[in-house]
Amino acid sequence: MDEEYGVTDSPRKGPTLSTSTSSFEPFDAHDPNLSRLATKMFQKTGDYITHELASTVDDYKLIENMNRAMMGKVADMRQMSQSIAAKNAELNQKYEELKPLLQRIDDIESTVDKLEAAAYQLDSYSIRLENKFKSLKTKQ
């Protein structure tokens, strides 16, 4: 019944939950080659983890430097946009000051157009009058 729950008997320690066939016992003498290889494996694993963590730290430092550079760029852009907004407000104020003068220019242009049309009509009338005068003069 113990076999179905994974409980087995260790030859030295009695019942265990392991189904492993390993003969390693913590305080027993074991193969020095195995010990050397295990130590080497743990050193290599430790080196690997150390380098992975160092790489992660370098990545975070890079991200931190990029964030600092980006904050500088954002500050420059904010200053530039504030300057543009101030210049835009200044231009809008100048436009509002010039608006009455621009309206007067438009009114003068309209008046000049009307005056020009009247001048063409007057010229046309004077040409007709001159032609009529010439025709009356020749009849006499």
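My entries below go from the whole chain down to single residues.

**Ground rules**

I'm working with a predicted model, where local features need pLDDT of at least 70 and side-chain atom pairs count only at pLDDT 80 or more, while totals for chains, interfaces and linings use all residues. Residues are numbered from 1 along each chain as its sequence is written, and side-chain values use heavy atoms, with hydrogens and water left out.

**Confidence**

I checked pLDDT, the predictor's confidence in each residue, from 0 to 100. The protein averages 86, and 79% of the residues score at least 70.

**Overall layout**

Helices (H or I, at least four residues) and strands (E, at least two) are DSSP runs, numbered from the N terminus. Reading from the N terminus, I get the order β-β-α. The helix, α1, covers residues 32–139.

**Surface**

I looked up the accessible surface next, and the protein has about 13300 Å² of it. Carbon and sulfur atoms account for 60% of that. These areas come from the Shrake-Rupley method with a 1.4 Å probe, and for residues only the protein chains shown count as cover. How many of the 140 residues are buried, as a percentage? I found 3%. Buried means under 20% relative accessible area, exposed means over 50%, and partly exposed is in between (1.4 Å probe, protein chains only).

**Start of α1**

I zoomed in on the start of α1, where a side-chain oxygen of D31 comes within 3.2 Å of the backbone nitrogen of N33.

**Around L98**

I found a kink of about 40 degrees at L98 in α1, shortly before the proline P100. The bend at a residue is the angle between axes fitted to the seven residues ending there and the seven starting there. L98 is partly exposed, at 44% relative accessible area. L98 also belongs to a nonpolar surface patch of about 470 Å², together with Y95, L101, L102 and I105. Patches are made of residues with over 30% relative accessible area and no salt bridge; like charges are joined within 9 Å, and nonpolar side chains (Val, Leu, Ile, Met, Phe, Trp, Tyr) within 5 Å.

**Salt bridges**

Side chains of opposite charge can pair when their charged atoms come close. I searched the whole structure for salt bridges and got three. The cut-off is a side-chain nitrogen of Lys or Arg within 4 Å of a carboxyl oxygen of Asp or Glu.

- E64 pairs with R68, with 2.6 Å between the closest N and O atoms. They sit four residues apart in helix α1, so about one helical turn separates them. E64 is partly exposed at 37% relative accessibility, and R68 is partly exposed at 49%.
- E90 pairs with K94, with the closest N and O atoms 3.5 Å apart. E90 and K94 are four residues apart in helix α1, so I put them about one helical turn from each other. E90 is partly exposed at 36%, and K94 is partly exposed at 43%.
- K134 pairs with E130, and their closest N and O atoms are 3.5 Å apart. Both lie in helix α1, four residues or about one turn apart. K134 is partly exposed at 46%, and E130 is partly exposed at 40%.

Notes. A polar contact is a pair of N or O atoms within 3.5 Å; within protein, one must be able to donate a hydrogen and the other to accept it, and residues adjacent in sequence count only if both atoms are side-chain atoms.
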